[in-house]
Amino acid sequence: MWCPFLVRSLIFFDIQKRILATLYAIKAGTNSVDFLMENYTSDSSDGENDTKTIDLAYLLRNPESVENHLNQYLNNDSKKYKDIEKIILHHNELHVVPRNISKFTNVKILDISNNGLTELPDVFRHCQLSNLILKNNRLKNETLPKEFSECVSLKELNLSGNDLTAFPEQIFSFCNLKFLYLGGNNMRNIAKDIYRLKHLQVLSLGGNIITDVPFSVGLLKNLQALVLCDNQIESLPPNIANLHSLRSLLLHKNKLRTLPPEIVALRNLTELSLRDNPLIVRFVSDITHQPASLLELAGRAIKLHNIDVQSGDLPRTLQNYLESAHRCVNPNCKGVFFDNRIEHVKFVDFCGKYRIPLLQYLCSSKCATTPSEDDIRPQRTYLMKKVLLG
Ligand SMILES: [Zn+2]
């Protein structure tokens, strides 16, 4: 017989657990990206009680208590611990990782988020881990292992909401990573070697103090979501347009004044958030223009008049210089430029409702005073489905 009080308590406990989960999800800045992708979320363990899972979530247990609980599996003669694939320990009081956890060699999902972890041992030796969730702890760059053992099985790593001050380069050991969450830290940079994680589908870096986005981010061809919101970013590299799989690009709360024009080529983009950026809303009128160098003027003349330059005619450095010419974006101008260029803001119509400023370069100030047809008639070729400006 079920005691009514016990039933009420269980229902209350279940409701409380779900409310807590929701509140923590809101606090952790969970956004639409989490629902876009088929990755593990802390809530997905709710209610599971199968033989492959050890679920000790929301129990406020200390390391010793969790170790004792895990030992019950390890000391069991039936070797059932070998069946365990999921260990869920979020919302406890584990300032260290339970030492016996590495004995569960078949574990695929390990969630130790919201625990106050101050250090992380290298738990990847001989591991089968596919998802490692360590969000909302107190991990620092210095308290991560200097090197992680290579773990080819790891698909998801979540280190959001910790105390990282720099991009942790040790994670390049996880060459098959698809989901990387590093939001809500104090990171100033994105590692230039990020291109090595070539299977990345989600790169979440919101809520840091990043100022630069390196060119190598544009080499992550499989990226579907790039979260850069709430940082100090002033510009994006133009090769971001090479991310043809990108569906979600979150840029709100940054210092962007313009966007690279190449961004309109992202045909799969369905979500672009831009609110809280000092985006330029009018033409830049006070353009300061330095006179072009003699080298630039000579180079421009050679290109404009199609003067044939054979190899051997010029020193190699000058030939390289000639090859670095950029064509002026004004369709009414046939000019080229090298280093001396005029910044030009082109407004492109997205959603048929918003016009966003794209940064382009023109060859001279004359080109800037004669707006091209594109500026008068908004380009409607690429329309985004959702642009969040406010
Ligand atoms: Zn021009």
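Of the contacts in this protein with a separation of 6 or more, 46% join residues 24 or more positions apart; a contact means two C-beta atoms, placed from the backbone, within 7 Å. This is a predicted model, where local features need pLDDT of at least 70 and side-chain atom pairs count only at pLDDT 80 or more, while totals for chains, interfaces and linings use all residues. Residues are numbered from 1 along each chain as its sequence is written.

**Make-up**
- The protein has seven helices and 15 strands, taken as DSSP runs (H or I, at least four residues; E, at least two) numbered from the N terminus.
- Of its 390 residues, 35% are buried, with 20 or more other C-beta atoms within 10 Å of their own.

**Cores**
- The largest nonpolar core holds 74 residues; such a core is a set of buried Ala, Val, Leu, Ile, Met, Phe, Trp, Tyr and Cys residues joined through C-beta atoms within 7 Å.
- Elements giving it two or more residues include α3 (63-74), β2 (86-88) and β14 (354-362).
- Leu228 is among the residues with the most contacts inside this core.
- Beyond four places in sequence, Leu228 touches Leu205, Gly206, Val213, Ile233, Leu250, Leu251 and Asn254.
- A second, separate core has six residues, including Phe337 and Leu362.

**Confidence**
- The average pLDDT is 80, and 76% of the residues score at least 70; pLDDT is the predictor's confidence in each residue, from 0 to 100.
- Residues 282-287 fall below 50, with seven contacts beyond near neighbours in sequence.
- Residues 372-385 stay under 50, and the model gives them 26 contacts beyond four places in sequence.

Technical notes. Buried ≥ 20, exposed ≤ 12 C-beta atoms within 10 Å, placed from the backbone.
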